[in-house]
Amino acid sequence: MDAINGTWDLRLALAALLPSAVAIGFLGYHLARTVDRLADRTGLGEALAGAVLLGATTSLSGLIVTITAAVGGQPSLAVSNSFGGIAIQTSFIALADLTYRGDNLEHAAASLPNVLNTFVLIVLLAMVLVAMALPEYSLVGLHPITPLILLVYLYGTHLSRQAGEHPMWMPIATSGTRLDEPAEGAQRRGVPGLLLRFAALAAGVALAGLVVARSGMSIVDETGLSGTLVGTLVTSGTTSLPELVTTLAAVRAGALTLAVAGIVGGNTFDVLFVAAADVAYRDQGIYSALEPVDAFAAAWAIALAGLLGAGLVSRQREGIGYEGVAILAVYALGLATMVLVS
């Protein structure tokens with residue numbers, strides 16, 4: 001057996017998951033601290049830094065899983081890793097809310113860029129569903145919606161930056177609102193050193209993601225389980241650990257906007273996994289190779305994103321809030337459905 005390119009023995013695949021998960025969680029914790037400092041030092045702000053730097057970097061391991069699975073001819077594993085990651089990461093907001101002792105987390109972390117990014121996420125997921133519903137069609141080897149996904153993501157990031165710098169409306173500040181303000185002494189922290197640390201941590205996350213990818217593909221091959229189920233339960237759960245760790249760490253540090261932005265930004269970036277899978281998958285168009293259960297997973301992710309968006313707009317003050325309870329309930333019901341139908 002080729003330990004790098006071949007299918008791993010099931011015991012080896014399972015054994016490789018645990019240290020990879022620990023490594024991803026450890027690196028994710030330090031990423032949150034580093035990005036928080038970069039947000040202060042560069043003036044990017046927690047919302048933009050969380051959405052772009054933290055969200056994209058903590059998603060690197062998931063991106064590696066998707067590309068590896070697509071190259072390996074497992075389209076459902078590749079795409080469901082994205083949808084499953086979005087679903088579980090959204091539930092992390094509700095879990096973080098349970099650990100926050102102040103008002104409702106979505107209330108305290110009021111941020112127009114976070115609201116806007118949630119809407120962009122819903123649009124991107126809807127575009128994927130449209131591509132799955134249309135007949136197979138390729139342009140230069142890609143479905144026409146694939147480059148559109150990238151363009152919408154980039155434009156959404158541009159709008160988010162504009163919204164942060166020149167907002168057209170502002171959330172009402174209350175006693176529970178935590179403003180995004182640079183920490184004291186932020187100007188004394190050198191950007192080059194932070195960027196170098198950021199790059200090293202990102203490389204570690206990507207390397208751990210490669211191990212998770214090979215483990216996930218091996219589990220599919222060795223057990224006969226569907227790629228959708230393994231992607232939704234195993235690989236997405238493992239590669240989403242940085243989001244859980246960074247969210248809890250950011251909440252503990254009082255960087256609430258960063259905590260929410262890391263999840264929303266990571267979820268939005270995760271839709272790019274599907275575009276990357278279409279590029280890497282060569283048997284046929286990735287969208288036409290998917291199963292109905294994959295469409296269910298995409299719709300499930302849209303529902304969860306909609307609930308989070310509603311919570312960010314309504315800003316309920318007390319406890320976990322209706323949206324937090326609804327997110328956890330919809331996540332659990334969706335997961336149970338995936339297990340039953342996969």
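The points below treat the aromatic pairs and then a surface patch.

1. The model is predicted, and the remarks that follow should be read accordingly. A pair of aromatic rings is described by the distance of the centres and the angle of the planes.

2. In one of them, Y153 and F269, the ring centres are 6.1 Å apart and the planes meet at 70°, so the arrangement is edge-to-face. This pair joins distant parts of the chain, with Y153 in helix α7 and F269 in helix α11 (residues 256–280), 116 residues apart. Y153 and F269 are both buried.

3. The rings of W300 and Y331 are stacked, because their centres lie 5.4 Å apart with the planes at 20°, and planes under 30 degrees apart count as stacked. W300 belongs to helix α12 (residues 292–314) and Y331 to helix α13 (residues 321–341), so this contact ties together parts that are 31 residues apart in sequence. W300 is buried, with a relative accessible area of 5%; Y331, at 14% relative accessibility, also counts as buried.

4. Y153 and F269 also belong to a cluster with F273, linked by ring pairs.

5. At the surface, Y137, L139 and V140 make up a nonpolar patch whose accessible area together is about 370 Å². V140 sits in the loop between α6 (112–133) and α7 (145–165). Its relative accessibility is 81%, so V140 counts as exposed, the cut-off being over 50%.

Technical notes
Residues are numbered from 1 along each chain as its sequence is written. This is a predicted model: local features need pLDDT of at least 70, side-chain atom pairs count only at pLDDT 80 or more; totals for chains, interfaces and linings use all residues. Side-chain values use heavy atoms; hydrogens and water are left out. Patches are made of residues with over 30% relative accessible area and no salt bridge: like charges are joined within 9 Å, nonpolar side chains (Val, Leu, Ile, Met, Phe, Trp, Tyr) within 5 Å. Accessible areas come from the Shrake-Rupley method with a 1.4 Å probe; for residues, only the protein chains shown count as cover. A salt bridge is a side-chain nitrogen of Lys or Arg within 4 Å of a carboxyl oxygen of Asp or Glu. Helices (H or I, at least four residues) and strands (E, at least two) are DSSP runs, numbered from the N terminus. Buried means under 20% relative accessible area, exposed over 50%, partly exposed in between (1.4 Å probe, protein chains only). Rings of Phe, Tyr and Trp (its six-membered ring) pair if their centres lie within 6.5 Å; planes under 30 degrees apart count as stacked, over 60 as edge-to-face and the rest as tilted.
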